[in-house]
Amino acid sequence: MNFTLYSDVILLRDLPEDNVYAGDIGTVVEQHDVPGIETGYSVEFFDMLGNTVAIVTLPMSCFRLPTCADRPAVRLMANIA
């Protein structure tokens with residue numbers, strides 16, 4: 001399955017080094033096709049105010065499309081003064 005540019009995808013694994021976690025929703029910003037390897041995608045993750053949290057590039061098996069069974073959720077990542 002290929003993801004279309006600017007579609008939302010859901011991360012399937014934790015990436016604590018990038019401050020994103022399984023279940024986070026990101027936007028596909030680039031597709032990477034390299035013969036002989038799984039298609040990869042650069043996905044941008046945002047906070048609730050639209051600020052970029054991370055841009056990660058991973059194989060397509062690390063993402064899935066949202067379904068009607070998914071619900072957005074919020075978790076506090078840092079204390080804000």
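Q: Where is the place of Asn19?
A: In this predicted model, Asn19 sits in the loop between S1 and S2.

Q: Why is Asn19 called partly exposed?
A: Its relative accessible area is 35%. Buried means under 20% and exposed means over 50%. The value for Asn19 falls in between, so Asn19 is partly exposed.

Q: Which segment holds Tyr6, and what is its phi?
A: Tyr6 lies in the segment before S1. Its phi is positive, about 70 degrees, and Tyr6 is not a glycine either.

Q: Why does Tyr6 count as exposed?
A: Tyr6 has 60% relative accessibility. The cut-off for exposed is over 50%. Tyr6 passes that cut-off, therefore Tyr6 counts as exposed.

Q: Where is Thr39 placed?
A: Thr39 belongs to the loop between S2 and S3.

Q: Why is Thr39 called buried?
A: Thr39 shows 15% relative accessibility. Buried means under 20%.

Q: Which residues is Thr39 in contact with, leaving aside its neighbours within four places in sequence?
A: They are Asn2, Gln31, His32, Asp33, Pro59 and Met60.

Q: What makes the link between the side chains of Thr39 and Asp33 a polar contact?
A: The two side chains are joined at 3.3 Å. The limit for such a pair of N or O atoms is within 3.5 Å, with one able to donate a hydrogen and the other to accept it. The distance is inside the limit, so the pair qualifies as a polar contact.

Q: In which strand is Ile25 found?
A: Ile25 is part of strand S2.

Q: Why does Ile25 count as partly exposed?
A: Ile25 has 44% relative accessibility. That is not under 20%, and it is not over 50%, so Ile25 is neither buried nor exposed but partly exposed.

Q: Which residues does Ile25 contact, apart from its neighbours within four places in sequence?
A: Ile25 is in contact with Asp8, Val9, Ile10 and Phe45.

Q: How many residues apart along the chain are Ile25 and Ala73, and what separates their C-alpha atoms?
A: They are 48 residues apart along the chain. Their C-alpha atoms are separated by 9.9 Å.

Q: How do you know that S1 and S2 pair?
A: Strand S1 (residues 8–11) and strand S2 (residues 25–32) share 3 bridges and run antiparallel. Pairing needs at least two bridges, so S1 and S2 pair. Val9 has Gly26 in S2 as its bridge partner.

Q: How do you know that S2 and S3 pair?
A: S2 and strand S3 (residues 40–46) have 6 bridges, in the antiparallel sense. The requirement is at least two, so S2 and S3 pair. Here His32 stands opposite Gly40 in S3.

Q: How many helices and strands does the protein have?
A: The protein has 0 helices and 5 strands. From the N terminus, the elements run β-β-β-β-β.

Q: What share of the protein's residues count as buried?
A: Of its 81 residues, 30% count as buried.

Q: How many side chains are positive and how many negative?
A: There are 4 positive and 11 negative side chains. The centres of the two sets lie 10 Å apart.

How values were computed:
Residues are numbered from 1 along each chain as its sequence is written. This is a predicted model: local features need pLDDT of at least 70, side-chain atom pairs count only at pLDDT 80 or more; totals for chains, interfaces and linings use all residues. Side-chain values use heavy atoms; hydrogens and water are left out. Helices (H or I, at least four residues) and strands (E, at least two) are DSSP runs, numbered from the N terminus. Buried means under 20% relative accessible area, exposed over 50%, partly exposed in between (1.4 Å probe, protein chains only). Lys and Arg count as positive and Asp and Glu as negative; His and the chain ends are not counted. The place of a charge is taken as NZ of Lys, CZ of Arg, CG of Asp or CD of Glu. Contact means heavy atoms within 4.5 Å.
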